[in-house]
Amino acid sequence: MFEFIKGKIVEKKEDYIVVEIGGIGFKIFSPSDFDKDEAVVYIRMRIKEDEILMYGFKTREERDIFEQLLSVSGVGVKHAFSVLKRYTVDELLDIFQKGDIDALTDVPGIGKKTAQRIILELKGRVDFIKNELVEDIVQALIGLGFDKKESVKVASEAVRETNDIQKAVKIALQKLSESV
């Protein structure tokens, strides 16, 4: 399977993009708004009897939430795309954690029962996304020459404050500079 595709975006439509790599154009369905001409697109492939489909996302976290949404009974690609178009990863993690059914029913095509099922099934299952964020921040801090043990501590604290990786790295760096 593909982890990501990096190439030139040659076409943008409402529900898909075409990424050119080595003279081949890959049609990738996506809820994300790619604003650059060159991009890294994180991929989820689905192989069916008669077709191969690629779904693309700006971040791994966005892709992971998409996969989790698809695991919920009654939620298909269209519903998952609608949710990801309406909310950011940070907002969705907060919605799942708080059990905010009303926020999910604001998404076109998501009724109260589906929203309840999404909250019920995903409330505890999306914590892994925060763990991946912590790992990414720790690797960045180690790359900057900081101690691993201290990096893990401040990265965990930073992720409690925000799910945005850039903000979390800044918070972690501030915490490390305060402890020096």
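**View 1. A nonpolar surface patch formed by Met-1, Ile-47 and Ile-52.** Together, these residues make a patch of about 400 Å². To join such a patch, a residue needs over 30% relative accessible area and no salt bridge, and nonpolar side chains (Val, Leu, Ile, Met, Phe, Trp, Tyr) are joined within 5 Å. A salt bridge here is a side-chain nitrogen of Lys or Arg within 4 Å of a carboxyl oxygen of Asp or Glu. Areas come from the Shrake-Rupley method with a 1.4 Å probe, and for residues only the protein chains shown count as cover. This is a predicted model, in which local features need pLDDT of at least 70, side-chain atom pairs count only at pLDDT 80 or more, and totals for chains, interfaces and linings use all residues. Residues are numbered from 1 along each chain as its sequence is written, and side-chain values use heavy atoms, leaving out hydrogens and water.

**View 2. Ile-52 in strand β5.** Look for Ile-52 in β5, which covers residues 52-57. Strands (E, at least two residues) and helices (H or I, at least four) are DSSP runs, numbered from the N terminus. Is Ile-52 buried or exposed? Its relative accessible area is 56%, so Ile-52 is exposed (over 50%; buried is under 20%, partly exposed in between, with a 1.4 Å probe and protein chains only).

**View 3. The whole chain, strands and helices.** Follow the chain through 5 strands and 8 helices, in the order β-β-β-β-β-α-α-α-α-α-α-α-α. Its C-alpha trace spans about 60 × 45 × 25 Å along the principal axes. Of the 180 residues in the chain, 39% are buried.

Technical notes: Patch = residues over 30% accessible without salt bridge, like charges linked within 9 Å, V, L, I, M, F, W, Y side chains within 5 Å.
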